[in-house]
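Hello,

Here is the structure I promised to hand over. My notes on what was found follow below it.

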Amino acid sequence: MTVQGLFSARANAAAQISAVPRIAIVGRGFSGMMTAIALMKTVRAPFHLQLFDPNSSVSGGQALASARSSTILNTRVRDLSVSVGDNDDFNDWLCSNAAFRAAVPAAIPGFRQIFVPKEIFSDYVYQRFSEALAARRDITVQVCNDPVVAIRRSHGNRFLLESANPANPLFDTVILATGYGLTAPDAGEQHASPVRAQRLIARPHAVLLGSGIRVVDQLLQLRDSGYTGQVTIISRRGFLPQSHTPNSADPVFPVEALPQSLPEIVRFIRQACREAEEEGRSWQSVMNGLRKHARSLWRSLPAREKHQFNRHLRAIYDSHRNRLPEAMHLRLKRELAEGRTVLRRGRAGRRGLSGLFFTPAGSAAEEVIHAERIIDCRCQAPDLSAPVIQSLFSAGLAMPDELSLGLAVNARGEPFLEDGSTVAGLFAVGPLGLGSLPDIDLVPEIVSQAYAAAERVGERFYPQVKAV
């Protein structure tokens, strides 16, 4: 399907596509759609954009995907704008939505500090995409549902995307925006044999795998749908998300010179949190301030200490940066205090006919947790063995980051090579760069990176045309 700027004649589409740079975005989740918006608002000269994604419907990616419309985002409205330099864009969009204003009258005249359903944010993103497209008479957008299996460099420094369609053209720029991975996520809810399960399980029992926002959301979804059985959360490290403050926690961070080693950084942050609370602020304000320094701190660490952080501290860090709205956190605490939900630390193993094999932390003995349903709430990490990623490695177009969490990239999302150079025209936007750029899985950071990448694209194709 090809759409030309909504006020243009279709008759001119073929001629225009052949005469302008071609840009491919692989992925139509938030990272992909945000990059498309940034390109349309930044590159002020003609181009053809092709969006590749095997899903015919747009879910918003793992960051937005949800089985229910009431799922609440864990980020305040003030931090969800897709318009760089205008932090109030999402708030203004909500204020102009009569149905939302009627449903949340207490927040008027503004909604900056509230948390909204993911469905609302997804509607906002795709409306901004549609508006950006409608404003451009000089570009065309094409959607392709064929999965991309390889990216190869062709003659003239262009790229060939291999998919089920052998007629794919060559592209001048390719942007990987596949979010948390290229493999299909786990099937999610897995049911054991209902007959055998009924014999072994005296009371309904559900097992949730994971420790982040998604596992809490799934727990509350079960309760809201009337599930009264026992729930066991299995977390490898045993950390669940902390709480946001009732009101906005303005970012603060000590201004003195930052330490350079991992132990010193940990002590520094803990001391900063203690001092903030002694002065009447919150540790959340320190964590919010830390985001401005996270990348410079990360770059200062040697590879050995980055591995130490990933093994021993990442779970703690994630539980404090990816926080729950206070109301959701109170419900979680109540579930745990009443014993209806139990948190168990350890490793989930294979699934059997009646439940899940589980190895508790600190033990080598495996046990069976009997359950009639098992729901995997873990985010899918980037799969570096996926054919499309392997094609980049084998062609010398990209390399893994130091922790093999994803691709080694710079702030614009350009993949690094062994000699420190980058390949012109190739980008990886969003969580694919999490091993290089802390917090690049969060909306404000993805927005900033998308615009930085779009500016670089504009400079490459149209060096005399000023980006806006």
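Start with the contacts (heavy atoms within 4.5 Å). Among those in the chain with a separation of 6 or more, 71% are between residues 24 or more positions apart.

Some ground rules. This is a predicted model, where local features need pLDDT of at least 70 and side-chain atom pairs count only at pLDDT 80 or more, while totals for chains, interfaces and linings use all residues. Residues are numbered from 1 along each chain as its sequence is written, and side-chain values use heavy atoms, with hydrogens and water left out.

**Overall**

The chain has 468 residues, and 50% of them are buried. Buried means under 20% relative accessible area, exposed means over 50%, and partly exposed is in between (1.4 Å probe, protein chains only). The accessible surface comes to about 21,500 Å². Carbon and sulfur atoms hold 52% of that surface. Areas come from the Shrake-Rupley method with a 1.4 Å probe; for residues, only the protein chains shown count as cover.

The secondary structure comes to 14 helices and 16 strands. These are DSSP runs numbered from the N terminus: helices are H or I with at least four residues, strands are E with at least two.

**Salt bridges**

The structure holds 25 salt bridges. The criterion is a side-chain nitrogen of Lys or Arg within 4 Å of a carboxyl oxygen of Asp or Glu. Here are some of them.

- Arg78 and Asp79 pair at 3.3 Å, N to O. Arg78 is partly exposed at 21% relative accessibility. Asp79 is partly exposed too, at 26%.
- Arg128 bridges to Glu131, with the closest N and O atoms 2.8 Å apart. The two are three residues apart in helix H5 (residues 118–134), so about one helical turn separates them. Arg128 counts as buried at 17%, whereas Glu131 is partly exposed at 35%.
- Asp224 bridges to Arg331, with the closest N and O atoms 3.0 Å apart. Arg331 is partly exposed at 29%.
- Arg223, Glu335, Glu338 and Arg340 are linked in a network of salt bridges.

**Charged patches**

Patches are made of residues with over 30% relative accessible area and no salt bridge; like charges are joined within 9 Å, and nonpolar side chains (Val, Leu, Ile, Met, Phe, Trp, Tyr) within 5 Å. Lys and Arg count as positive, Asp and Glu as negative; His and the chain ends are not counted. The place of a charge is NZ of Lys, CZ of Arg, CG of Asp or CD of Glu.

A positive patch is formed by Arg236, Arg237, Arg345 and Arg347. Arg236 lies in the loop between strand E11 (230–235) and helix H8 (262–278).

A negative patch is formed by Glu256, Glu275, Glu277 and Glu278. Glu256 lies in the loop between E11 and H8. Glu256 is partly exposed, at 45% relative accessible area.

How many residues of helix H9 (residues 283–290) are buried? Eight of the eight, so the helix is largely enclosed by the rest of the structure. They are Trp283, Gln284, Ser285, Val286, Met287, Asn288, Gly289 and Leu290. Their cover includes H8, helix H10 (294–300) and helix H11 (303–321).

Tyr317 lies in H11 and is buried, at 15% relative accessible area. Leaving aside neighbours within four places in sequence, Tyr317 is in contact with Met287, Leu290, Ala294, Phe309 and Asp439. Tyr317 and Pro241 are 76 residues apart in sequence and 9.7 Å apart in space, C-alpha to C-alpha.

**Positive phi values**

Two residues to look at here.

Asp439, one of the contacts of Tyr317, has phi near 70°, a positive value in a residue other than glycine. Its place is the loop between E16 and helix H14 (443–461). Asp439 is buried, at 2% relative accessibility.

Ser404 has phi near 60°, again positive in a residue other than glycine. Ser404 sits in the loop between helix H13 (387–394) and strand E16 (426–428). Ser404 is partly exposed, at 45%.

Best regards
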